[in-house]
Amino acid sequence: MSSSHIRTVIEIVLAAGCAYLAYVAYIAPINVTINYDAEQAIQMRIEDKMVAHDAVLDSIWSRDFARDATLGWLTARDVYHYRNSAIAGRLAEAMPDAPQSGSETIEERKARLEAAIAENPLIADLRGRARGLQSPFQYLGKRVRVGVPSGNRPRSNVAYAAYGSEFEGRVVEIWNPVNDKRVSVFAQGAFMPTETVTIDFQMNRRQAVDVFDRVEETADAVAVILPPSTSAP
């Protein structure tokens, strides 16, 4: 074999060796360390020089200190966890009140606030949920006294309530917490609220027996106002 052929073979062998070493170096796993401070760090082993973003986030989320640091970083950039109460203040800043000078008319104020709502769909959704008593703004309930009138009695699925009360004209669930029985009724204004009136609702006798198992002069219950979208029973 001539010297030129020998040189060519050596060059091929060297090139192949270099390629192999480069390949081995590329696929060899590496360890990556993310330092949070002098004592806390996360280590990840990366294969093939590639790592999926969800694997990185899963590693971060698996440690309390790393998760808290990440949430703090996001909060500083106005990205809030849903349990972070600071979001309420930021939403309030997005809906500024009228100027203290009083120079703004009601029409101007409405236009300004509507524009602010349009820029933040979350505010519009929360306001709609609050008006509709939807979660997380559902009416939690109020302790009330319920009775059955001796004279003019309401028909089924109707309960008499005081004029001007928070229940008048609403669909209300009457719940007996003792036996967990409940009934939905339409609260119809029927009597004036006076100091001598000690009840909140007057119910149909049959439904009162169903809910409270017996009819007494009055009974304790919990009244829950249902969302406006609830159909009258």
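The largest cavity is lined by Val146, Gly147, Val148, Ala208, Phe212, Arg214, Val215, Glu216, Glu217, Thr218 and Ala219. On a 1 Å grid over the protein atoms alone, a cavity is a set of points where a 1.4 Å probe fits but cannot get out, and lining residues have an atom within 4 Å of a point. Two or more residues of this lining come from each of β3 (142-147), α7 (205-212) and β8. Helices (H or I, at least four residues) and strands (E, at least two) are DSSP runs, numbered from the N terminus. The lining divides into 6 nonpolar, 2 polar and 3 charged residues, and the space amounts to about 60 Å³.

This is a predicted model, in which local features need pLDDT of at least 70, side-chain atom pairs count only at pLDDT 80 or more, and totals for chains, interfaces and linings use all residues. Residues are numbered from 1 along each chain as its sequence is written, and side-chain values use heavy atoms, without hydrogens and water.

The largest pocket (an open set of points with protein on both sides within 12 Å along at least five of seven lines) holds about 200 Å³. Among its lining residues are Asn176, Phe212, Arg214 and Asp220. Strand β8 (residues 218-225) supplies the largest share, 3 residues.

Elsewhere, strand β4 (residues 158-162) has 5 of its 5 residues buried, that is, under 20% relative accessible area with a 1.4 Å probe, protein chains only. Strands pair if DSSP finds at least two bridges between them. β4 pairs with β6 (residues 181-191) in the parallel sense over 5 bridges, and 2 bridges join β4 to the antiparallel β7 (residues 201-202). Ala161 has Gly189 as its bridge partner in β6 and stands opposite Phe201 in β7.

Conventions:
Points joined across faces, edges and corners; volume = space filled by probe spheres on them. Buried < 20%, exposed > 50% of the residue type's maximum accessible area, 1.4 Å probe, protein only. Nonpolar A, V, L, I, M, F, W, Y, C, P; charged D, E, K, R; others polar.
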